Amino acid sequence: MPTDRSISRAGLWACLTLTLGLSGLASLASAQQSQITPAQYSEHIRETVLGLQQRYIDGDRREAIAALRAFDAEVDQYEDFMDGHRAFHWPDLVLARLLYHNRSDDHEVVRITAPIVQRLDREGDRAGSTRLEAQYLQARALYRLKNYADAEAVLRHWHSVAAGAEGLDETWWTQMDFMLSRVATLREAPDAARIRARVLPGFIEREGATPGMFRLLQDDDLETRRQNPDRDRRMMILRAREFEAWLNTQNPTFGVSSSLNLVARIYSEGGEHDRAHDLLEGHRDTMFALRGYTAPYFWAIQNILENQRLRGETEAAIDGVRAFFDVEAPDRVPDRATADALSEMRWVEFRALQAEGRFYEAQSALLQAYELARRYRSANDTEVNRLRRSILPQLIPASYPFQDEIITWDKAQVPFELTVDGASVLGGILAGDYTLVSDQLRTLSDAEGQSDILLVLNLAYFHGMLGNLDVLDEAVATGRVLLRRTQQTDLPANTHLFDMAEAMGKIFSRQAQNRAGRDALVRLENRRDLSPQQRAIVHALRVLYESRESNPARARRHWETHEDAILASVDMTIPGVLLGLLAIDQGLIYGDIDKVMAFQRQFRADVRAHGGYALADVVIDLFTINSTAGAADIEENFQTLGAHIGTLSRMLPDDHQWNVVARVNYAFALQARAQYGESAALFEKTIQSYRQSRSHRTDVVGFLEVNRAWSMWFGGQADLAQSIIDQVHTSVDPLSWDPDYVYDVVHKQAISLDAQGRQARALDVLDQLLYRNAAAVRRLEAQSLSSLWIQRGIMAERLDRISEAREAYENAIAALPSDDFLNGWPMAQALYNRSQWFGNRSDHLNAYRDMAKSNDLWFGFYEQSRADKTVRNTATDKSRVIEQAIMGWRLAGQLDPQAVAE
């Protein structure tokens with residue numbers, strides 16, 4: 001019988017020279033007459049695919065691939081006979097291997113390998129070389145397609161599984177380490193630096209490593225270090241010299257020239273201008289020879305001019321920029337890369353002119369740089385803001401196309417003064433002027449004589465609203481130290497302001513650090529010196545806290561007790577507007593729907609009439625939609641979600657929590673409308689943005705990745721989606737991840753496996769959590785635990801493990817604290833599934849009882865919740881009524897009239 005390694009050994013192109021082709025056992029059907037065994041047919045498969053591979057190696061490529069496709073089609077007919085033997089996948093594997101080598105169709109390589117990975121995801125085969133090579137080819141094809149998001153998922157899963165495998169080809173490890181390091185860097189993964197530190201040392205000596213691979217890894221490492229504001233310049237130059245010495249041993253190519261250009265920029269920024277000059281000029285000549293008048297050539301010239309400016313040759317830099325635009329600059333700017341290069345040249349001119357004291361000319365250069373940057377970038381883009389901060393509005397000509405944009409921005413900068421209530425900081429954020437506030441705080445942090453206590457208090461407000469909770473903690477800790485030194489502040493030592501900033505940041509920030517804000521919230525509740533409005537904010541935070549802790553009954557009681565005080569305290573002051581946002585966020589869930597909607601309409605009208613809270617105006621609609629069950633199904637709300645994503649991106653950084661939440665909700669809405677491609681793309685963009693957040697978390701990324709995969713699944717990419725879900729599931733830490741995200745990943749993993757007919761594997765996934773991790777189970781919310789037990793019951797039934805299914809449904813019911821928990825819908829679902837179990841066993845009495853009670857809770861849920869105000873799934877409603885009627889009819893036929901009456 002063939003071994004796993006016999007089909008995929010180290011010497012890919014030095015394997016056995018076989019010429020069997022399709023001879024031998026022509027088909028299994030005829031061979032079965034002599035009672036061939038799966039082991040014998042596996043040997044036939046091995047000999048045939050290796051023979052066809054040899055034909056390919058010998059140069060008969062097209063015919064070999066065609067014959068291999070035909071043989072693969074033959075083998076596919078006998079899947080049941082092969083009974084899961086890994087040899088069944090060998091024709092597909094070798095076909096993918098040859099297609100990848102032939103560069104025929106990388107998309108087909110992905111399509112062919114994904115099912116192999118899925119079906120061999122079982123004990124004994126998970127770390128086998130058949131499955132590992134399938135993932136190896138899949139990752140390489142995705143990388144070559146520049147589909148880095150999916151490649152990263154496959155690569156991480158391969159590394160997690162291959163770590164326990166023995167005898168793997170070293171070239172596989174080299175390739176997979178290289179690709180993982182690259183995609184982690186390109187996608188700004190949190191562990192990218194750690195991966196590079198592991199992979200780079202000695203990489204060039206590894207089997208299968210190429211100079212090109214090593215060069216790219218060095219580029220990634222040097223560029224990332226160069227962008228780090230805390231970089232060690234001396235160490236950077238030492239690394240650059242080592243890299244330059246190695247590059248000079250390589251044949252001159254586009255890539256080598258680009259790497260030398262990176263080295264030259266490091267020299268230039270480190271003060272070694274002469275050393276940089278020759279390298280920069282050489283790169284310019286190479287780019288012109290290879291690319292002509294395109295962005296790489298323009299960037300090469302910009303680097304030379306910047307090096308001249310840094311060397312102090314300001315006149316030469318100015319003349320060089322102007323000569324370029326007079327002679328070489330294109331009349332049109334065809335793409336963003338070109339616009340960026342030309343804008344950066346004007347920036348060089350601006351700084352050189354400033355150094356010469358020619359300020360009026362400098363402003364003219366800066367305006368030209370700004371106009372070029374705005375061709376492909378938004379007004380709130382980081383690079384655009386860098387340029388705008390240096391523009392003097394009084395020097396803007398009346399005909400300048402962006403005059404109003406810059407002047408409006410400048411006017412907003414004047415009245416910025418730190419106050420104890422954070423009016424400038426919070427007001428600026430609510431107005432959508434995040435970048436302005438950020439710049440002003442940075443300026444004030446560098447200023448002499450600024451009160452430390454006011455600055456750290458406002459930094460706490462700022463980062464709390466952004467959800468940068470690590471910085472919030474630092475500011476609050478610093479502020480409390482300063483409070484104890486009363487001679488440095490006019491604030492009382494027991495001021496409530498830092499507690500308010502901490503509670504708002506950790507509870508209202510929409511980050512999952514709800515419990516971290518509990519102590520601050522309790523301290524605020526115990527105070528007796530708060531104003532009525534401050535007290536109302538604390539009450540609203542308590543409602544939100546209980547809601548986040550899945551205590552809806554407590555949240556509702558607290559809201560009903562303090563609703564009038566909360567709504568009455570909302571006004572157009574900064575604290576009043578924040579309170580209004582809190583009131584909408586929770587009032588729509590726990591309040592009287594008509595009363596809260598009337599308040600929402602008036603509050604939005606007041607905010608718009610005020611004119612200074614543009615961001616608040618946007619998030620009012622977002623909170624309204626996000627807080628109401630099924631609201632995104634309404635066309636008007638769906639369109640609002642889409643429109644507000646663009647608005648938020650102009651007001652806030654991409655990684656801001658409200659941006660992330662808005663995109664996630666819109667992605668879910670797209671998913672619900674079967675717009676799966678758009679949904680998956682938006683999830684991917686959100687993941688990339690969220691990863692750049694200072695407070696990003698692995699569990700949130702995992703949750704987003706799984707839901708991206710969910711959209712891909714329903715969009716027709718089931719195999720690739722399963723690879724992503726597998727990778728996330730492998731990385732789950734049930735004791736540190738947010739329990740909601742643990743549930744979501746495990747639940748979707750089980751459902752996706754079930755959809756592929758892999759119920760045994762799905763059952764094992766559920767059992768790993770439900771039976772083998774009691775500590776993790778205790779962390780789950782009641783409704784999540786109940787849902788997992790229901791899923792386990794479904795899997796057990798499909799595997800004919802009847803008693804286990806009944807036990808699972810009983811556990812699902814027992815997991816819920818009461819029938820009316822969360823308005824009754826979790827219990828309605830648990831009872832529904834148990835009723836099906838009874839019905840399948842012909843126990844019509846218990847089936848009817850469970851179904852009747854389930855329907856009472858189900859329709860009661862719509863009466864108590866907001867769902868009746870938005871959308872109903874009428875097909876589900878009708879199905880439930882019909883099922884109950886059928887069960888009643890069966891029961892009536894089973895029981896005598898007296899039993900029915902009872």
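Here, a residue counts as buried when its relative accessible area is under 20%, as exposed when the value is over 50%, and as partly exposed in between (1.4 Å probe, protein chains only). The structure is a predicted model, in which local features need pLDDT of at least 70 and side-chain atom pairs count only at pLDDT 80 or more, while totals for chains, interfaces and linings use all residues. Residues are numbered from 1 along each chain as its sequence is written, and side-chain values use heavy atoms, leaving out hydrogens and water.

Salt bridges come up first. With a salt bridge taken as a side-chain nitrogen of Lys or Arg within 4 Å of a carboxyl oxygen of Asp or Glu, a search of the whole structure turns up 70 of them. One of these joins Glu-244 to Arg-275, at 3.4 Å from N to O. Glu-244 sits in helix H12 (residues 233-247) and Arg-275 in helix H14 (residues 273-291), so this pair ties together parts that are 31 residues apart in sequence. (Helices are DSSP runs of H or I with at least four residues, strands are runs of E with at least two, and both are numbered from the N terminus.) Glu-244 is buried at 12% relative accessibility, whereas Arg-275 is partly exposed at 38%.

Arg-480 and Asp-499 form another salt bridge, with N and O 2.4 Å apart. Here the partners come from helix H24 (residues 469-483) and helix H25 (residues 497-508), so the link ties together parts 19 residues apart in sequence. Asp-499 is buried, at 7% relative accessibility, while Arg-480 is partly exposed at 26%. In the pair Arg-311 and Glu-313, the side chains meet at 3.1 Å, N to O; Arg-311 is partly exposed at 26%, and Glu-313 is partly exposed at 32%. Salt bridges also link up into a network that takes in Asp-150, Glu-152, Arg-156, Arg-187, Asp-191, Arg-194, Arg-691, Glu-705 and Arg-708.

Next, the nonpolar cores. A core of this kind is a set of buried Ala, Val, Leu, Ile, Met, Phe, Trp, Tyr and Cys residues joined through side-chain atoms within 4.5 Å. The largest has 137 residues, and the members that touch the most others are Leu-430, Phe-508, Leu-541 and Phe-603. Leaving aside residues up to four places away in sequence, Phe-508 is in contact (heavy atoms within 4.5 Å) with Ala-503, Leu-541, Leu-544, Leu-578, Leu-581, Leu-582, Phe-623 and Trp-658. A second, separate core holds 92 residues, among them Ala-87, Leu-99, Ile-195 and Leu-279.

Leu-430 also belongs to helix H21, where Ser-424, Val-425, Leu-426, Gly-427, Gly-428 and Ile-429 are buried along with Leu-430. Because 7 of the 8 residues of H21 (residues 423-430) are buried, this helix is largely enclosed by the rest of the structure. Gly-432 follows H21 and has a positive phi, near 90 degrees.

Then there is the stretch around helix H5. His-89, in the loop between helix H4 (79-82) and H5, is buried at 4% relative accessibility. Not counting residues up to four places away in sequence, His-89 touches Ile-116, Arg-119 and Leu-120. On the H5 side of the contact with H2, Trp-90, Pro-91, Val-94, Arg-97, Leu-98, His-101 and Asn-102 meet Ser-42, Ile-45, Arg-46, Val-49, Gln-53 and Tyr-56 of H2.
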